[in-house]
Amino acid sequence: LARSAGLAVAKNPGKTAFNPLFIYSQTGLGKTHLCHAIGLETKKYHPNLVVLYVNAEQFVQQFLSSCNPQKNTRRDFIHFYQMIDVLIIDDIQFLSGKKAATQEAFFHIFNHLHLNGKQIIMTSDRPPVELKDVEERMLTRFKWGMLAELESPDKQLRRDILTHLVRKD
């Protein structure tokens, strides 16, 4: 499901019902790998689009840096993210418990991108309903598009994947 949704997004970013695309699973099941593949595929179909992959922890650090009174670059930070055509933000659960200003900044960026038909893709180690200390209005927006869970492959699928990888080399 997540792969199919990702392919649809790559072909028509911002123009599918999968906006935002929220991919969640336990650690180690390939969320980051899938996001990178979606980003690369998007660039293949739409080379002129600005596609950005960022980890939520990096996003928070960039935001905090932009709030430094000596630099005063908060407006530049927001503007930079509002210029993105496809925003892929990994590990969105990292926003849990962050200061209201950080969540507020992401909220405004999210709204701007969504209202302007830009694609948003997020990953998390849990579904939105299980994210603690995230503003309710953000959780509501996370559920606007498609929620796709990556499940652990069964024994046969793991065997098939390994067989395919061995034969590929």
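Student: Which residues are linked with Glu104 in a network of salt bridges?

Tutor: In this predicted model, the side chains of Arg137 and Glu104 meet in a salt bridge, with 2.4 Å from N to O. Arg137 lies in helix 6 and Glu104 in helix 5, so the pair ties together parts that are 33 residues apart in sequence. The network of salt bridges that includes Glu104 also holds Glu135 and Arg137.

Student: Which residue forms a salt bridge with Lys44, and how far apart are the closest N and O atoms?

Tutor: Both partners lie in helix 2, three residues apart, about one turn of the helix. An α-helix has 3.6 residues a turn, so residues three or four places apart point the same way. The partner of Lys44 is Glu41, and the closest N and O atoms are 3.1 Å apart.

Student: What is the N to O value for the salt bridge of Asp125 and Arg126?

Tutor: Asp125 is partly exposed at 28% relative accessibility, and Arg126 is partly exposed at 26%. Their side chains meet in a salt bridge, and the N to O value is 3.1 Å.

Student: How far apart are the end C-alpha atoms of helix 2?

Tutor: Helix 2 covers residues 31-45, which is 15 residues.

Student: Within what arc do the buried residues of helix 2 fall?

Tutor: The buried residues of helix 2 are Lys31, Leu34, Cys35, Ile38, Gly39 and Thr42. Seen down the helix axis, these residues line one face, because they fall within an arc of 140°.

Student: Which exposed residues does the face of helix 2 turned away from its buried side carry?

Tutor: The buried residues of helix 2 pack against helix 1, strand 1, strand 2, strand 3 and strand 4. The face turned away from that buried side carries the exposed residues His33, Leu40 and Lys44.

Student: How many disulfides does the count come to?

Tutor: Cys35 is buried, with a relative accessible area of 1%, while Cys67 is partly exposed, at 34%. A disulfide requires a pair of cysteine sulfur atoms within 2.5 Å. By this rule the number of disulfides is zero.

Student: Which element gives the largest share of the largest nonpolar core?

Tutor: The largest nonpolar core has 29 residues, and those with the most contacts inside it are Leu87, Phe106, Met122 and Phe142. Among the elements that give two or more residues to this core are strand 1, helix 3, helix 4 and helix 6. The largest share, six residues, comes from helix 5.

Student: How many residues are in the other core, which lies apart from the largest one?

Tutor: Leaving aside its neighbours within four places in sequence, Leu87 of the largest core is in contact with residues including Leu52, Val54, Phe106 and Ile121. Apart from that core lies another, with Val9, Ile88, Ile121 and Ala148 among its members, and its number of residues is 14.

Conventions. Residues are numbered from 1 along each chain as its sequence is written. This is a predicted model: local features need pLDDT of at least 70, side-chain atom pairs count only at pLDDT 80 or more; totals for chains, interfaces and linings use all residues. Side-chain values use heavy atoms; hydrogens and water are left out. Helices (H or I, at least four residues) and strands (E, at least two) are DSSP runs, numbered from the N terminus. The expected span of a helix is 1.5 Å times one less than its number of residues. Buried means under 20% relative accessible area, exposed over 50%, partly exposed in between (1.4 Å probe, protein chains only). The arc is that of the directions from the helix axis to the C-beta atoms. Contact means heavy atoms within 4.5 Å. A nonpolar core is a set of buried Ala, Val, Leu, Ile, Met, Phe, Trp, Tyr and Cys residues joined through side-chain atoms within 4.5 Å. A salt bridge is a side-chain nitrogen of Lys or Arg within 4 Å of a carboxyl oxygen of Asp or Glu.
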